[in-house]
Amino acid sequence: MEIKTDQEAKLGYWLILPTVLAIGGLILYPVIYNLWLSLHKVNMNPTQPNTFIGIKHFIEILTDVDFWTAFRTSILFTSTTVVGTTLLGLGVAILLNRKFPGRSLIRGIILLPYVTPVISAAFGWKYLFNPVFGMFNYIMVDVLSLMPQHINWIESPRYAIFAVIIFNIWRNFPFAFLMILAELQSISGTLYEAAEVDGATGWQKFKHITLPELKFVIGALVILRTIWNFYKFSEIYLLSSSVEVLPVYIYEKAFATYSFGEAAAISAILFVFVFGFILFYVRKVLEW
Amino acid sequence: MQKKTIVKISLMVVLLLVFTGNTFAQTTFEYWTTQTEENRVEVINQLIDRFEAQQDEYKVELVTVQENDIPTKLAAGMAAGRLPQMIEVGAENILKLGAEGMLDTEAVNDVVSDIGEDDIYDGALKMLASPEGGYFGVPLHGWVQGIWYREDLFEEKGLEAPTTWDNIIKAAKAFHNPEEQKYGIVIGTDKDSYARQTFTQYALSNNARIFDKDGNIIFNSPEMVETLDYYKRLAEFTPPGPNGWRDARDLYLAGRVPMMMYSTYIMDDIGLGATGYEGEQGEMLKNLVDKTNFANTMKHKSDAVFGQIAGFTFIKSEDQKKVEGAKAFAEFVLSGENYIDFLHMAPGGMNAVRPSIANDPKYLDHELLKVWGDKSARIASGLNSIGKFGYVGGKVFPEIGNITSQFIVGQTIMKMTESGWTAEEAAEWGQKEMEDALE
């Protein structure tokens, strides 16, 4: 009997081996290689060796003003977009969670920004905000006279961050919308009926039934969006090269200044930061 | 008897395989070009077909890369140990590769001497020279930059040609009318190569340099501060926010600016209407060729012409056969009709670096070059007197590649135009960044 279990256990190990190898190769190896890079001065020329320099990169980065500027930009971008996409998604989901003619068509249209390829969306927005020919400037300045002059919303470092935030919220709110709507539809109507019998107002129903029912889906959305947007590169860089969030900062360190070691060290710092955030969030906010 | 036949047959098969095997074992080498436009890629592909039909030893694998992406793509390629054997790119990038010790300079020098140094413009060769003698790249084509301006509007207002600092800013001021979305001038004010290129001409005309003759960085010199200050004042007459080459092109063609800085590549865009080309037109003025003139020399303390030489270069490879193939292809492209076809993919923009071709009637016989008439020869004449930041008193400083790849000049300009810094503050910042870049 005992021999049999031992054999079964062995077989079990053999069966999970491919998965272990795949995960090790695809996840563990890059992480370890990144850590190794961060401790070296990486030589551009592959025929020449890299030099081990210990934690020098980490000290340099943590005392670098540019890093902290990029860090602040990243925090601003992540927090506003996470709140923005979630609230907009929630609002639209609640509005569309009732019966009206053409409902499925509208729901489909709302998903468009999320399924449009990012490059075409970015170019569309660039044109919309073009300082000379753009529709936005035309309406704000020439038609409504709300602003004194045309502004380069996309490229000017002062305004680009707002353009990027609005673009990101516009593009990603449909995901929150989709998740929240799915959850809304699973809330049993009897709960609301019972509340109405007790004389609850619309706000009270929302606060005491809808929100508690949505707690986990919103919690999951916030954490996913935080992770995704903290590492967001494409949507930001394609729209404007003037917004220096951390992923863009890493990219420039690695490929414009060729400091691969330093770039790897920044990634390691980000990893620790995000990991810490997730642990805190899951324990304290989600209470899982 | 049967055994013998089998042996004979097998022997023949083996021999056959050995001989035909040679022809099958073609060597493929990789070639990166910065010509990404579809019609240009088509021309290059035709040249490759012609090359492959002419011999059967080598095959060419073409990869197109955006000019601004070259530093990043090269870095990634170097790190991964997967570089192409042959690149066609601007001088700074070639110098940078040379400084990293990545180039097969022997191969480059072979091609230069096969073509003949006498049949390549000195100005072009100088841009690709190695500090240790010999060359880092084979010159292929060049462009000249300057101010393209609306002669008709200048005459209307009684303004003088924008060849001096005073004339430029006077004209920009006279035309600037942001209420109607008309602006004085477009110059580079973004974090890109275009800003460095337009700024360089002002700096050189004020004798301001990045390196002194010993290779020290002198970006905070009084001459440079003076130039930055002038550039900041001139930028007040530009369209809102940071501007790049696309703004310059689109706004000039649409008649929104009477002056902008651009390379000779604008010639085919401006000439489109005149050649009856019906392709991508958009909002564009009629008869722009006749209304346009080109000021390629900027006069201040000294005369300055800016431009770029692009060339072929070869990366060191384990497989010498591949480098041999790349050399053969480079010589093929630079010769006779192949070369003329290559240059005609951007007529006016790409100028010949070989005098024998520049004066060849076949080269001059192109619709677009004819539209420009005499102007086209005058425009190309600047090619021999190009000045640049990386070259001081006959010396080459390949370190400039580290500064250009980080767009430090453009960032310095943005500090003034977007964040309101003074020229002194910006120059000090640029000085420090450049020193860091060379560490």
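Buried means under 20% relative accessible area, exposed over 50%, and partly exposed in between (1.4 Å probe, protein chains only). The legends describe a predicted model, in which local features need pLDDT of at least 70 and side-chain atom pairs count only at pLDDT 80 or more, while totals for chains, interfaces and linings use all residues. Residues are numbered from 1 along each chain as its sequence is written, chains are lettered from A in the order in which they are written, and side-chain values use heavy atoms, without hydrogens and water.

**View 1. Salt bridge between B:Asp229 and B:Arg233.** A salt bridge is a side-chain nitrogen of Lys or Arg within 4 Å of a carboxyl oxygen of Asp or Glu. Here the N to O distance is 3.6 Å. B:Arg233 is partly exposed at 40% relative accessible area, and B:Asp229 is partly exposed at 34%.

**View 2. Salt bridge between B:Asp119 and B:Arg354.** The closest N and O atoms are 2.7 Å apart. Both residues are buried.

**View 3. Salt bridge between B:Lys370 and B:Asp365.** The N to O distance is 3.0 Å. B:Lys370 is exposed at 54% relative accessibility, whereas B:Asp365 is partly exposed at 48%.

**View 4. Charge over a ring at A:Phe216.** A charge sits over a ring if NZ of Lys or CZ of Arg is within 6 Å of the ring centre and within 35 degrees of the ring normal. The charged end of A:Lys215 is 5.6 Å from the ring centre of A:Phe216. A:Lys126 likewise lies over the face of A:Phe123, at 5.3 Å from the ring centre.
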